[in-house]
Amino acid sequence: MNALIYYAFAVLVSLMLSACNVAPWERGNLAKPEMAINPNVQHAAFREHVFESKEASSGGIIGSGGGCGCN
Amino acid sequence: MVLVAAVVVIKKNKQATSGKNALLALTGAALSLPSPELKADSPVDQPQLNTQFGYYSEAGNRMQVQVYHGGFVVPVSDWFQFSFSYDQDTYSGASPSYVVPANSADIVTKASGFDLAGGPAFGLMNDTILKGAFADTAIWAGLQADLANGFVLPTLPVNVAQKVGVDPNDSGVRMQTELIKRYLEKKQSGGDHTIKQIIEAHPLETRHMPILKAKLFFGPYTLTASGGYSIEPDYTSTFGSTYHSFEFNDKLTTVTLGYKFSNNHIFRAAPSTGGPHDHGGSANDFNADNTYRTFSMALSQVFSKNTLVYLSGEYSRKRGYLSNPYKLVHIKGLLSAAEYTLVGINAPLDLDQNKGWKYYTGVNLIPVGIDLFREVRPDKRDQWSVTGGVNQYFSSLKGALHARYRYQWDDWAIRSHTLDLAWYQQLSFGLMIEPYIRYYSQTAADFYAPYFLAPRADGYYSSDYRLSGFGKLSGGITITKQFVKGVTLSAGFEYMTQRSSLQLDGKGSGDFADIDAYLLTASLNINLSSLGGSIDNTHQSPRHSHHGGPLPAGIMEGHMLSAGDFMVSYNYSHADWADGFQRGTHSGINDQELATSACRVISIGCEFKSTAMRMDMHMINFMYAPTDWLNLMLMPQFAYKKMEMTPLPNALSDAQGGPHENVGLGDTLMTALFKVFENEHHHVHLGIGVSAPTGRIDVTFDGFLNNTSQTQSYGMQLGSGTWDLRSSLTYTGYADQWYWGGQVSGIKRMQSRNKLGYALGDEIKGSVWVGYKATSWLAFTLRNQYLVQGSIRGFSSRMEYQPSLTDPADTPQRANTENPANYGGKFWDIGLGVTFSAPQGEFSGHSLSVEWLQPVIHDYNGYQLKQDGTLSVRWGYKF
């Protein structure tokens, strides 16, 4: 599994570095709210806290603060 | 990076098109608030306010969680942004505690005398064993017969017996041991018991979490720092984080380094008797700490004009107490019958039980029943994760696809895969819909099993279903409506199915982790400065929302909006009752009179009195005017109530006073306002609405939401429990700087009894007021209010739980607050108010009103605490 991760990582990074140039006036679509990493931050934070409380995994993208609430 | 791009685009647009679209685009971009962990961004342009309500519910009456979130973001300067948020979660319901294997059910369930919440290892062990073993006459008779036939009782393990201080040859203890041995053998063989998961109820708990956050922008470098605190009865957490983002490659690439920490303190409350007036609180019988540290690195890259990709890695280091203090494990063979007998029954009771069992037996687990122990997990956990994602915009569809995958692994042998797919579709009228699905799969921790038939070599055990192997599939939809003037409303629903059989490799077994649940969310985001006004101010000036001047803060439904207008107001009221008792209009009531007269005398009269009560109401009022003659209002309410009780002379000698409190969603009001008459100086409108019983009326003293725990008194509950009709008639008028008005409003309970068998009294209230506008931004009001409130009809069947009583009217009352006759009355108050409003400028549309309502004459029904007064505050914002 780890080999697969390293491979995926290498492919992704090389893809990123080969990205073509995007001029500032071509970034209109990227500026749209739906293209943000998390268009609805609060909603995502609530879901993340639920998943964190009910699953054995956590983190990765959003830090949802601390606390437990995890019966 | 994306937001920087947004500004660029807007500047470009501004030259070519009207400013309106540019500003709208800017608003949208600013509201999106990308996650700081992955990307740099620029400060918001306006102060923003956000609120969210969330509800999570598991099938089968398991956990239910209500989440309230509020926060704001303030751009202090073009390089510094400050934000604050506050979360409050309320938890109730039940969750799995442990699993018992086949043939063992009877010796570990509550039927055997075991108490989960406290589980004192010595006293209850004694009861558990003896009750079972000595009650079994067949075992006793069999042992007697064997002894008569020459059976010799085995001697006791010398080392344990010596530590306990028992003679290894003591015939009495040897007899006990043999009885218990036979009892265990009998229980563990034969029978038709099936494997079962024991679900334990948890008391209602509330968690509070304030978070402060600052962002500093220095060209291509962004620093984010945050800190917060989370507190709930059995867990406190102090946490903080810092993120450093660098943009380069013509702002197409961002690298972010992050560090998070949290220091956590875990408690476990000792069992409380949970009686109706056991206000002594409960002590903690367990304290532990742990520390989490997380290091992360993320890279995001604009790949094309429609594609954004990102990759992040995270390492999380957890140290300290990582077990769950409430979860138990069933382990066979860890302790022998002799050890249960010697330590559980014959060891000195005054020893520290946490060390006691280990000292005597060498077993490092804490027994709470026969073959039942508190779980133990390793005190370290190292967790790694890799996350990759892509956001792809499709111009032809005007929609965006988000795909994200996370792989996580740790040194507990848990491996998990998480795949998220979401589609964001922009529609007309500022609507956006987001359907999404999520798949999650994890393998089990290496020390997890539903139960253990033999001890493990490493000494780690957990039967927490969250550490088992399972998969989860969930899907949901979010609908967001962006209003023109910077207001965004959003609502979402998600359903999740968790099954062992959904685990990725299909190895999941058993159904211990199986559960269905759903999520509901509703949120509101507002740009606080009047961006809308600046867009539209060439077309129209802000219209007058009501005649003459701002209303006193304590007046609801007092004005109407013009067609097309939308208003949000936040109303807060605070009231205290603490200044002794009153009967009718008479004060100076002594304890003896309360004891003999404040409760309906059935047995010994009142044993407790309330000494103080506090009530805080938070109400959010959404108001919309489809036409000039009709306005619609929706008002969810949120309440916090606290009461102090103290024993009266009649009380039993061991009675304890103390506080109890209650917090949560109250009843929800829905009202329509109809314009009846209007000319230049006078206006009359009628309000007709209902109050939906969304507030709980069954909140208990011990927090358990079951039918046997005793409920808090009528005034402490969060709702009426009935559908109520609410009507009002309002007149307002003005001349020059003066304005005035009057309102008559009423509440009629539309059901004669709620589900618990009572109904709050009806109400009718009359107010007249006069106001003076001193300046364009400052006004004063003077108000006279008279309120008549009926006493409670019927009687709660849950106030004093007595299953043997079939007629609730026979239920004894032990406190003044439990007598329905001690509610309502006639109340005359005078109110002084002040309003600050912004007629123009950056904060046009905002107003803040404050009013103090001072009692003049209060004529109470029965015996009641005197009210000190009521403070009302209203912040309103009209769009």
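## Basis

The model is predicted: local features need pLDDT of at least 70 and side-chain atom pairs count only at pLDDT 80 or more, while totals for chains, interfaces and linings use all residues. Residues are numbered from 1 along each chain as its sequence is written, and chains are lettered from A and ligands numbered from 1 in the order in which they are written.

## Nonpolar cores

The largest nonpolar core contains 49 residues. A nonpolar core is a set of buried Ala, Val, Leu, Ile, Met, Phe, Trp, Tyr and Cys residues joined through C-beta atoms within 7 Å. Buried means 20 or more other C-beta atoms within 10 Å of a residue's own, exposed 12 or fewer, and partly exposed in between, with C-beta atoms placed from the backbone. Those with the most contacts inside this core are B:V164, B:I180, B:V329, B:L342, B:F373 and B:A445. At least two core residues come from each of several elements of chain B, including α7 (171-187), α8 (337-346) and β12 (372-374); helices (H or I, at least four residues) and strands (E, at least two) are DSSP runs numbered from the N terminus.

Beyond its neighbours within four places in sequence, B:F373 is in contact (C-beta atoms, placed from the backbone, within 7 Å) with residues including B:L328, B:V329 and B:I331. A second, separate core of 19 residues includes A:M35, B:F303, B:V309 and B:Y310.

## B:R798

B:R798 lies in the loop between β33 (793-794) and β34 (825-837) of chain B. It counts as buried because it has 21 C-beta neighbours inside 10 Å. Leaving aside neighbours within four places in sequence, B:R798 contacts B:D698, B:Q710, B:T711 and B:L756. B:S709 is 89 residues from B:R798 in sequence, with 7.9 Å between their C-alpha atoms.

## Helix α11 of chain B

In α11 (residues 591-598) of chain B, the buried residues are B:L594, B:A595 and B:A598. Viewed down the axis of α11(B), they fall within an arc of 115° and so line one face of the helix; the arc is that of the directions from the helix axis to the C-beta atoms. Their cover includes β20 (566-584), β22 (608-624) and β35 (846-878) of chain B.

β13 (residues 380-394) and β14 (residues 399-410) of chain B run antiparallel and are joined by twelve bridges; strands pair if DSSP finds at least two bridges between them. B:N391 has B:H402 in β14(B) as its bridge partner. Four residues separate the strands of this hairpin, and B:K398 in the turn has a positive phi of about 50°.

β14(B) also pairs with β15 (residues 415-426) of chain B, in the antiparallel sense over eleven bridges. Here B:L401 stands opposite B:W423.

Methods:
Contact = placed C-beta atoms within 7 Å.
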